[in-house]
Amino acid sequence: MISINSTSIESSRIAQPIGTALDRFIKNNQSQFAFASGELSQLLRDIALASKVVNREVNKAGLIDIMGANGSTNNTGDQQQKLDVLANIRFTRALAKGGEVAALISEESESFVDLNNDAKYVIAIDPLDGSSNIDVNVSIGTIFSIYRRKTLAGMPIQEADILQKGSEQVAAGYILYGSSTMLVYTTGHGVNGFTYEPSLGEYFLSHPHMEIPLNGKIYSVNEGSANSFDDGMKGYLQYCKDCSYTGRYIGSLVADFHRNLLKGGIYIYPPTAKDPKGKLRLMYECNALAFVAEQAGGKASDGMGNRILDIQPTGLHQRTPFFVGSMEMVQKAESFYK
Ligand code: FBP
């Protein structure tokens, strides 16, 4: 009879601790939240649940009929992909069922969705970011921003509840559906990353206390639009080349942002002839990543010295130029606009 010595098993690879599950982490850190009464924790869990369903569909996209265009356009005139619409349904349904969200702002919905309940939170979400990469199996993502409503729970939703500055976010983050699926978020107390373990159906803490390097050598911008860049952007682009920086542009904001968060770098979507105000939407693309970047020690602005989180929104789908990443790289890029 083979005797198994528990200590050797304990220290062996097969018994390696799997890490802190997202649920446990949220519970352990709940006291950090302002008004900590479990609702925000549940809301984060609802987002995680919806992302697992979307992840399952993204992973088998080639096998089921969810590739390609949906034959509809969203309110900003973008061709909607089937997965855009499906992801929007999945997140809206999970958040409505979860009951912690009073109103939902989505890239795929013209106006905000009033969930007619006495919940305390408002969420802005890009259910599927990187639509142009869906059909070609390149990393895509989901971006979310969470605010506390301004008016009393149960009252009709007011503009003040919806058009809040990014600096009012109580939590924000993204899900990256890539070679592995990750959820990265902040509640204003640093940034933590969790990797999805499909066989257990759970996220585990894999990147605690994420910090972006102060400087880097990677720039992410669609140079295909360079002819219509303004002089500031042309100047900074030339500077990056003179410094022999590496150009990396996946075309999925979440994936480009995540790489730069880990390695140091800058992502820029500047004003172009096609998008004179930039392409990206303030409420459900830029605010969340600006909050994560700042919490990780980075910077986010419109290039002209305006902090993204201080921009007062005037419309649900307003666009802004977006400069985000390593502190010193964003400062350098801004210097070309002075
Ligand atoms: P979607 O949310 O509609 O996908 O738009 C945003 C986005 O796809 C970003 O993920 C990406 O960085 C950018 O637009 C790519 O735009 P372009 O193709 O003009 O460079």
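Let me begin with the contacts, meaning heavy atoms within 4.5 Å: of those in the chain with a separation of 6 or more, 63% are between residues 24 or more positions apart. Please keep in mind that this is a predicted model, in which local features need pLDDT of at least 70 and side-chain atom pairs count only at pLDDT 80 or more, whereas totals for chains, interfaces and linings use all residues. Residues are numbered from 1 along each chain as its sequence is written, and side-chain values use heavy atoms, with hydrogens and water left out.

Turning to burial, 51% of the 338 residues of the chain count as buried, where buried means under 20% relative accessible area, exposed means over 50%, and partly exposed lies in between, with a 1.4 Å probe and protein chains only.

Now to the aromatic rings, where the structure holds 11 pairs; rings of Phe, Tyr and Trp (its six-membered ring) pair if their centres lie within 6.5 Å, and planes under 30 degrees apart count as stacked, over 60 as edge-to-face and the rest as tilted. For Tyr 239 and Phe 336, the ring centres are 5.8 Å apart and the planes stand at 55°, so this pair is tilted. The pair links distant parts of the chain, since Tyr 239 sits in helix 6 (residues 231–242) and Phe 336 in the segment after helix 9 (327–335), 97 residues apart; helices here are DSSP runs of H or I with at least four residues, numbered from the N terminus. Tyr 239 is partly exposed at 25% relative accessible area, and Phe 336 is partly exposed at 29%. Ring pairs also join Tyr 236, Tyr 239, Tyr 245 and Phe 336 into a cluster.

Key: Helix = DSSP H or I, 4+ residues; strand = E, 2+ residues; numbered from the N terminus.
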